[in-house]
Amino acid sequence: MGISRDSRHKRRKTGGRMPIHQKKRAFEKARQPAMTKIGHKRVHIVRCRGGNHKYRALRLDVGNFVWTSENLASKSRVLWVVYNATNNELVRTNTLTKNTIVEIDATPFKALYSKKYGIDLGKVKKEETEQKKEQSEKAKKVWEEKKKKWEELGKNLFIDPLVKEEFKVGRLLACISSRPGQSGRADGYVLEGPELEFYKKKIEKKSKQ
Amino acid sequence: MADVQTERAFQKQEIVSLRTKKFLTKKTSTGVRYWKNVGLGFKTPKSASEGAYIDKKCPFTGNVSIRGRILRGMVVSTKMKNTVVIRRNYLHYIPKYSRFEKRHTNISAHCSPAFDTIKEGDIVTIGQCRPLSKTVRFNVLKVQPNQIFGAARKQFVLF
C-alpha cells in the first residue's frame with residue numbers, strides 16, 4: 001500500500017528533522033479509506049493486526065437508527081447525504097462517514113409510533129381532534145389493555161415540532177454515529193431539538209449558496 | 001448558546017443527551033451540563049460547571065482523566081488555540097566544578113476555556129493526561145495569577 005502511520009516522517013517539536021534509520025514497519029501500516037457510498041450493500045472483511053477483523057463497508061443502503069426521545073429504533077433506508085461538517089466533497093459524492101447528516105425513510109418510525117401511541121404521524125389534512133377520534137376508533141378494535149396503555153401514554157405526548165413536520169414529508173434527518181469503514185454499518189440517531197435546528201440552518205445556508 | 005456553536009459540526013458534550021423528552025419539553029436556556037471533580041484535591045472552577053463552553057479536552061467538562069505527574073511552571077506563551085506553553089526551570093549540577101548551571105524545559109499544556117484569564121507570567125499547575133495532540137500530554141488544572149516585570153522567558157523561578 002505504502003501508507004504508514006509512523007511519526008518518524010514528522011519533524012520534532014523544535015523543528016528539527018528526525019533521522020530515518022529504519023524502514024517502514026508492518027505495525028505502522030495504514031489502509032485506504034473506505035469512502036462508503038449509498039447503494040446495495042457491499043462489505044469487505046479485512047484481516048487486521050492480531051487476527052482481528054474489520055468490516056470495511058464500501059456500499060450501504062440501510063442502517064439501524066434510533067429515535068432517542070421516544071426510545072424507538074428501527075432499520076431504515078438511507079436516502080442521501082445532506083451535510084458533512086468535514087468536507088463538502090463528501091456530500092456531493094454521497095459518502096457515508098461518522099457524523100454525516102443523512103435523510104432516512106420515515107415509514108418504519110411512523111409504524112412504530114402508531115403501534116406505541118395509536119396516532120398516525122404525517123397526516124397533513126387531519127387535525128388533532130380528528131386524530132383522537134381515529135385513535136378511539138382504532139381502540140375499539142383493539143383489546144382493553146392496549147386501549148388503557150394508549151390513554152396513559154397519550155397524557156405525556158410530546159414531539160419536537162420540527163420532527164413532526166419531517167414526518168409529513170416522509171423523510172427524517174439523522175446523524176450517523178457508527179464508523180462504516182470500521183464496523184461495516186451505518187447506524188445512527190434521528191436528529192432532534194437544538195442539534196436539528198443547528199443542522200437545518202447549515203443546510204439552508206448551503207442551499208442558498 | 002449560539003456563541004458556543006462556532007464550528008461546522010454541532011458542539012456538544014458526548015455524555016449529555018440532548019434528545020431526551022425531559023430536555024426537549026423543558027426548553028430552558030440553561031441546559032444540562034456534565035462536569036467532574038478531577039481528584040487529587042483540585043477544585044473545579046465555577047466557570048467550568050456554570051459556563052457554556054464545549055471542550056472535549058477539558059479536564060473538568062471533557063473526556064480526559066488526570067493521572068501520572070503533576071508539575072508546576074510559568075506560562076510563557078498563550079498564542080496557541082486552547083493550549084499554553086509552560087517553562088520549568090531547574091539547576092543541573094556539574095561535579096567537576098561543584099557548581100550549578102541553569103536549564104529549562106518547555107511543556108505544551110492544554111488550557112481549558114474555564115481558565116480564559118490566563119496570561120504570560122502566571123504560575124500554573126499542570127497534570128499529566130493521555131496524549132491530546134502531537135506535543136500535548138498535560139492539562140492545566142490550577143492558575144495562580146502572577147505579575148512579572150520583563151519577558152516571561154527571562155525569569156528564573158524554581159518551584
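Me: Which residues is A:Ile104 in contact with, leaving aside its neighbours within four places in sequence?
Reply: This is a predicted model. One group of partners is A:Ser76, A:Arg77, A:Val78 and A:Leu79, and another includes A:Gly170, A:Arg171, A:Leu172 and A:Ala174.

Me: Which residues have the most contacts inside the largest nonpolar core?
Reply: The largest nonpolar core has 41 residues. Apart from it lies another core, of 26 residues, with B:Ile86, B:Ile126, B:Cys129 and B:Phe138 among them. Inside the largest core, the residues with the most contacts are A:Trp67, A:Val102 and A:Ile104.

Me: Is B:His110 buried or exposed?
Reply: B:His110 lies in strand β3 of chain B, residues 99-110. Its relative accessible area is 4%, and the cut-off for buried is under 20%. Because 4% falls under that cut-off, B:His110 is buried.

Me: Which residue has its backbone oxygen 3.5 Å from a polar atom of the side chain of B:His110?
Reply: Not counting residues up to four places away in sequence, B:His110 touches residues including B:Asp55, B:Lys57, B:Cys58, B:Asn82 and B:Phe138. One of these supplies a backbone oxygen that lies 3.5 Å from a polar atom of the B:His110 side chain. That residue is B:Lys57.

Me: How much area do chain A and chain B bury between them?
Reply: The size of an interface is often given as the accessible area lost when the parts come together. The contact takes 26 residues from chain A and 19 residues from chain B. In chain A, A:Lys13, A:Phe158 and A:Phe198 lose the most area to chain B, together 31% of what that side buries. Of the area buried between the two chains, 56% is on carbon and sulfur atoms, and the total is about 1,900 Å².

Me: Which side chain meets that of B:Lys12 in a salt bridge?
Reply: Across the interface of chain A and chain B, the rule finds 3 salt bridges. In one involving B:Lys12, the N to O distance is 3.5 Å. The partner is A:Glu195.

Me: Which element gives the largest share of the side of chain A that touches chain B?
Reply: The interface has 11 residue pairs in polar contact, both residues at pLDDT 80 or more. On the side of chain A, the elements that give two or more residues are β5 (72-84), β9 (188-190) and α7 (193-208). By class, that side has 9 nonpolar, 8 polar and 9 charged residues. The largest share, 6 residues, comes from α7(A).

Note on methods:
Residues are numbered from 1 along each chain as its sequence is written. Chains are lettered from A and ligands numbered from 1 in the order in which they are written. This is a predicted model: local features need pLDDT of at least 70, side-chain atom pairs count only at pLDDT 80 or more; totals for chains, interfaces and linings use all residues. Side-chain values use heavy atoms; hydrogens and water are left out. Contact means heavy atoms within 4.5 Å. Buried area is the accessible area (1.4 Å probe) that two parts lose on being put together, summed over both. A salt bridge is a side-chain nitrogen of Lys or Arg within 4 Å of a carboxyl oxygen of Asp or Glu. A polar contact is a pair of N or O atoms within 3.5 Å; within protein, one must be able to donate a hydrogen and the other to accept it, and residues adjacent in sequence count only if both atoms are side-chain atoms. Helices (H or I, at least four residues) and strands (E, at least two) are DSSP runs, numbered from the N terminus. Ala, Val, Leu, Ile, Met, Phe, Trp, Tyr, Cys and Pro count as nonpolar, Asp, Glu, Lys and Arg as charged, and the others, Gly among them, as polar. A nonpolar core is a set of buried Ala, Val, Leu, Ile, Met, Phe, Trp, Tyr and Cys residues joined through side-chain atoms within 4.5 Å. Buried means under 20% relative accessible area, exposed over 50%, partly exposed in between (1.4 Å probe, protein chains only).
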